[in-house]
Amino acid sequence: MTNFLQNHRTAVIALGVLLVAFMMSAYVVPEEEQAVIIRTGEPVGVVNTPGGVTDAGLYLRIPFIDSVRRIEKRLLDLEMNDEEVLSADQQRLLVNAYARFRITDPVRMVERAGTTEGVRNALEPILNSVLRQELGRRTFQSMLTAERGSALANVRANLDRQARQYGAEVVDVKIMRTDLPEAPLQSAFRRMESDREREARTIRAGGSRDARIIRAEADAEAARIYADAFGKDAEFYDFYRAMQSYDATFSNGENPSESSIILSPDNEYLRQFRGRR
Amino acid sequence: MTGKKNPWGGDSGKGGDGDKPTGAQDGDKPKGPRNPWLPPGGNDGRRAPNIEDIFKSRGPEGPRRSGGGGPGGPNFRFPQRPGGKSWFPIAVIAVIGIGVLATSVHLVGPQQQGVVKTLGNYTRPLEPGLNFTAPFPIETVDIEDVEGVRSVRIPGNNNQAKLILTGDQNLVDLSYIVRWNIKNLEGFKFRVVDPVETVNEAAEAAMRASVAETELDETFSGQGRAAIEQDVRERMQATLDSYGAGIRVLGVEIEKADPPAQVVDAFRDVQVAEQNADAARNQARGYAQQVLAQAEGEAEAFDKVYEQYRLAPQVTRQRLYYETMERVLSQTDKTIVETGNVTPYLPLPEIRRRAQQPTTTVTAPEGQ
C-alpha cells in the first residue's frame, strides 16, 4: 500500500483533492425537499420548488461561496392550541384548529421568515386571531353546524393572504375540536341531566296514562257486554243477579256460619213451610 | 523482503520459529501433499522461499513491494490465499459486491410497493416482484406495505373520555377506529410531512364536524351511527385527497357512543322509565283481558240461563229461587221468630260462640 502511495503520490493526492472538491460542491436535493442557493447572502437559485423548473437530484455549487438552504417541500402542519373563542351570542367555546401549508416561494420564505419554523411562528397568531374574528361573528349554534364550513373557508382565505407574504400557501384550515370550557361544561351536564329527567318523567307519565286508558276501555267494553246481555230482560236480570248476590253474600263456602238469618214466618220462603195454601 | 515478525510468511532462515503461530504446519510436514499449495516432498527450508517467490513474481503487490519495501517496511499483510495472492482485494470486492447486491436487488412483497429515488429524485415505482436498481447511493429505495390495513383508534389507549359536542349542544363520549391504507405511495412519501398524524387530525376534524351536525339521540341509534361513519369517511377522504396524501380511508367504525360519565345515571333512568312505562301498560292490558273475559263469561252464562227462562219463565224462576235459598239457608244459622206478643230472645252471643265450632252449628239450628 505504502509503495503504491509513494509511487503514485501525485495521482493519489489529485484524486483526493478532486474527491474533496466534489464532496464540497455536490449536494443532493431529495424529493421531499426544496433548496435555495445563497451566494454570499443573496439567494441566487432554487431547486425543486413546487411548480419550479428544476427537479430533485444531484446539483453542484461553488464551495464556500454558495450555501444551500434546505426547505421542506411537503405539506406542513400548523397546529393551534386550545383557544377560548367568544361567539356572537356571548357563549364561550374552546376551539382547536389546524392549518396545512406548504412553502411555495422558498426565496421569499428565506428572506422573510428564515426557516419553516419562522413561518409557523408568524402564522400561528394570525390563525388565532383570524379564527377568533370569524367565529366571533357567528352564533354558538352555527359554530357547531354546517355553517362552520364557510367560516373556515374565510379563515383559510385570510390566512392564505398573510402566508403569501412569507412565501407559503395555506391549503386547508380545519377545526379539530370545539369543546366547552369548564363552567359551561358543567351547566351543559346539568342541562343534559334535567333533559333526561324530564324525558324519564314524561315516559313514566305516558306509561301510566296508557295504562289507565287501557283499563278504562276494558271497563267500558265490559259494561257494554253486560248491558247487551242483561238488557234483553231487565226484570229477569234483577232476579237472576239477586240470586247470585245472595249466594255470594250468605252462602260463603269457606266459613259457612258467618251469618245468621232470622226469618219471619211471613217470609216468602216459608210460605209452604207453614202448610198454608 | 523478509518480514521477521510475519506470522504467515515463514522466514527462510528460521523456519521453525516462523512457523510457530501456524504450528499445524509442523505437524503437517510429514503429510506434505495435504497442503495443496506445497509441491510434494517440499521441505521446511524450501517451502517458505517458494511462497515468497510466487508472491514476488505473481502477486499484484509483488513488484511494488520488491521496489519500495525492504527492511523497515510495514509488516502487516492480509492472509494469503492459495497461490499466494492477498485476500485484501477479494475482501474489498466482496464487501462492495454485497453492498451493491443489497442495495440494488429488491424483493418487493405482494402487498408492498416501493419508490425509487435516483440521487434523491423520485423516478419510478417498484411493483411487487424482484426489482433491480442502481446501487446506493445512486438510487435509493423505500418499500412500504401499501395494501396492509392500518388502523388507528381515537382517542388513543389512554381511555379518557373524549367529549364531542353534538348539534343540539349536548355532549357525547365517542371513540372510533379509522382503517386506512396507502392509495398512492408517491403521495404518501412525498406530499405530506407526517401522513399518520395527518390521518389522525383529519379524522378528528371530520368526526367533530359530523357529530356537530347530528342530534345527540341519533349518535346513540344504529342508523345515526352508520350515517356518521359514512359521512366521516367521505369527509376524511376528501380532506386527504386535497392534501394529495395518497391515503385511502377504508372505513370508520364508531366503537362506542355513550353519554358522558357525569350524566350517565340520568340516561339510565330514562331507560328505567321506559321499562316502567311498558310494565304499567302490560299490567293494564292484563287487567283489560281479565275484565273482558269475565264480562264475556258472565254475559254468556246469563244468556244461557235466560234462554231456559224464556222457555218456562215461572218454573225456572221458582227453581232458581228455591235452589238459591237452599244454598244460602243451608249454610247459615237460622232463627225463625213467630209473630205475636212473644218477645223474641235472640241468642246472639251463643250463635257467635257456636260459630267458632262449625261442625255443630249446621245441625243445631235445623233441629229447632
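Is Tyr321(B) buried or exposed? In this predicted model, Tyr321(B) is buried, with a relative accessible area of 15%.

## Aromatic contacts

Over all chains, the structure holds 17 aromatic pairs. In one of them, the ring centres of Phe230(A) and Tyr237(A) lie 4.0 Å apart and the planes meet at 15 degrees, so this pair is stacked. Phe230(A) is buried, at 11% relative accessible area, whereas Tyr237(A) is partly exposed at 21%.

Now back to Tyr321(B). The rings of Tyr321(B) and Tyr322(B) have their centres 5.6 Å apart, and because their planes stand at 65 degrees, the pair is edge-to-face. Tyr322(B) is partly exposed, with a relative accessible area of 26%.

Phe230(A) and Tyr237(A) also belong to one aromatic cluster, together with Tyr226(A), Phe236(A), Phe239(A), Tyr240(A), Phe302(B), Tyr306(B) and Tyr309(B). Phe239(A), a member of that cluster, has the charged end of Arg317(B) over its ring, 4.6 Å from the centre. Elsewhere, the charged end of Arg215(A) sits over the ring of Tyr287(B), 5.1 Å from the ring centre.

## Salt bridges

Side chains of opposite charge can pair when their charged atoms come close. Searching the whole structure gives 45 salt bridges over all chains.

| Salt bridge | N to O distance | Relative accessibility |
|---|---|---|
| Lys183(B) and Asp241(B) | 2.9 Å | Lys183(B) 36%, Asp241(B) 38% |
| Lys304(B) and Glu300(B) | 3.7 Å | Lys304(B) 48%, Glu300(B) 43% |
| Glu323(B) and Arg319(B) | 3.3 Å | Glu323(B) 32%, Arg319(B) 41% |

What does the salt bridge between Lys183(B) and Asp241(B) tie together? Lys183(B) lies in the loop between β8 (171-182) and α6 (185-190) of chain B, while Asp241(B) belongs to helix α9 (residues 222-243) of chain B, so the pair ties together parts that are 58 residues apart in sequence.

The other two pairs in the table each sit within a helix. Lys304(B) and Glu300(B) are four residues apart in helix α10 (residues 264-311) of chain B, so about one helical turn separates them. Glu323(B) and Arg319(B) are likewise four residues apart, in helix α11 (residues 313-330) of chain B, and about one helical turn lies between them.

Note on methods:
Residues numbered from 1 in each chain as written. Chains lettered and ligands numbered in written order. Predicted model: local features only at pLDDT ≥ 70, side-chain atom pairs only at ≥ 80, totals over all residues. Heavy atoms only, no water. Phe/Tyr/Trp six-rings, centres within 6.5 Å; stacked < 30°, edge-to-face > 60°. Buried < 20%, exposed > 50% of the residue type's maximum accessible area, 1.4 Å probe, protein only. Lys NZ or Arg CZ within 6 Å of the ring centre and 35° of its normal. Salt bridge = Lys/Arg side-chain N within 4 Å of Asp/Glu carboxyl O.
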